[in-house]
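Please have a look at the structure first, and then read on.

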Amino acid sequence: MVINNSHEQITSIPKAEVADLDFYYGSFHALKGINMTLPEHSVTALIGPSGCGKTTFLRCFNRMHDLYPGNRYEGSIWLDKDTNILGRKVDPIEVRMRISMVFQRPNPFPKSIYENVAYGLRVRGENNRRLMDEKIEDALRVSALWDEVKDRLNESAYNLSGGQQQRLCIARALVADPEIVLFDEPTSALDPIATASIEELMSTLKDRVTILIVTHSMQQAARISDHTAFMYLGELIEFGRTKDVFNKPLNQQTEDYISGRIG
């Protein structure tokens with residue numbers, strides 16, 4: 001199906017370009033011919049009803065689907081126009097170094113606060129303690145957590161509140177200097193105060209990284225994102241600047257979803 005889904009051309013520098021992306025869980029065709037540009041140093045929100053393919057699309061970016069048999073990609077996702085991260089010769093581990101992920105629920109490791117953040121550095125083979133200390137402090141500062149944990153770095157991460165644990169996971173995702181950070185409904189398990197803290201954090205992070213976030217909350221997408229993509233039944237229905245998608249949708253399906261008539 002051909003859909004008129006693009007607003008006026010987005011002039012931001014592209015960080016990633018998705019071209020003719022199809023994805024299959026075995027014989028199930030989950031994503032269908034998706035074309036989209038992910039603008040650099042911006043927040044792009046993926047919205048749509050449950051089961052429409054948002055998380056499936058998100059996990060293509062860091063090759064998470066490779067962890068399960070029977071999954072198959074077709075098409076390409078070009079990072080900085082020079083690397084097709086879906087290419088067979090591209091190492092998924094290297095992809096995950098460049099594109100990190102924060103999950104729906106906080107998932108700290110059963111380790112100290114320090115070692116949780118250090119994980120990404122250790123995976124890269126870093127063992128210079130002074131450098132690690134500097135990068136861990138920087139990641140915790142950027143995640144707005146340093147002042148709360150600087151005297152507790154050797155305590156278990158499980159001692160932190162839910163909102164603090166999620167910010168710790170964000171610090172862990174940032175410490176190895178990724179280019180893109182994927183957020184899969186990162187506030188769905190948090191209270192309103194912690195949610196506001198994470199939203200404020202994401203708004204400041206885009207100066208450092210490019211962000212792609214799945215959210216079920218249209219209000220959240222409207223608050224924090226620069227661009228919004230509406231997905232339905234595995235297809236990209238509409239993509240553009242958030243204010244345009246919400247205020248002047250090109251597609252009737254988009255308007256129906258935003259107004260609550262479908263979902």
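1. Leaving aside its neighbours within four places in sequence, which residues is Tyr232 in contact with? They are Pro49, Cys52, Ile237, Gln253 and Ile262, where contact means heavy atoms within 4.5 Å. Tyr232 is found in strand β9, residues 227–232; helices (H or I, at least four residues) and strands (E, at least two) are DSSP runs, numbered from the N terminus. Tyr232 counts as partly exposed because its relative accessibility is 23%; buried means under 20% relative accessible area, exposed over 50%, and partly exposed in between, with a 1.4 Å probe and protein chains only. Between Tyr232 and Pro49 there are 7.0 Å in space, C-alpha to C-alpha, although they are 183 residues apart in sequence.

2. A word on the basis of all this. This is a predicted model, in which local features need pLDDT of at least 70 and side-chain atom pairs count only at pLDDT 80 or more, while totals for chains, interfaces and linings use all residues. Residues are numbered from 1 along each chain as its sequence is written, and side-chain values use heavy atoms, with hydrogens and water left out.

3. Now the sheet that holds β9. Its 6 strands form an open sheet with mixed pairing, in the order β6-β7-β8-β3-β9-β10; two strands pair if DSSP finds at least two bridges between them. At the edges are β6 (99–102) and β10 (235–241), each pairing on one side only. From one strand to the next, the twist averages 20 degrees; axes are lines fitted to C-alpha atoms, for helices over the stretch in contact, and angles run from 0 to 180 degrees between N-to-C directions.

4. Within this sheet, β3 (residues 43–47) and β8 (residues 210–214) pair in the parallel sense over 4 bridges, and Ala45 has Ile213 in β8 as its bridge partner. Helix α6 (residues 162–174) packs on the sheet, touching β6 and β7 (180–184), and its direction makes about 175 degrees with that of β6. Helix α7 (residues 192–205) also packs on the sheet, touching β3, β7 and β8, at about 145 degrees to the direction of β8.

5. Please look at Ser42 too, in the loop between β2 and β3. Why is Ser42 counted as buried? Its relative accessibility is 3%, so Ser42 counts as buried. Not counting residues up to four places away in sequence, Ser42 touches Lys206, Val209, Thr210, Ile211, Asp226 and His227.

6. Next comes a hairpin. Strands β1 (residues 14–25) and β2 (residues 28–39) pair in the antiparallel sense over 8 bridges, with Leu38 in β2 as the bridge partner of Ala16. There are 2 residues between the strands of this hairpin, and Gly26 in the turn has a positive phi of about 65 degrees.

7. On to the packing. The largest nonpolar core has 32 residues, of which Leu21, Phe57, Phe61 and Ile77 touch the most other members; a nonpolar core is a set of buried Ala, Val, Leu, Ile, Met, Phe, Trp, Tyr and Cys residues joined through side-chain atoms within 4.5 Å. β2 gives the most to this core, with 5 residues. A second, separate core of 25 residues includes Val43, Ala45, Ile211 and Tyr257.

8. Finally, helices α3 (residues 113–123) and α4 (residues 129–142) pack at an angle of about 115 degrees, with their axes 10 Å apart. Among the residues that meet there are Tyr114 and Leu121 in α3, and Met132 and Ile136 in α4.
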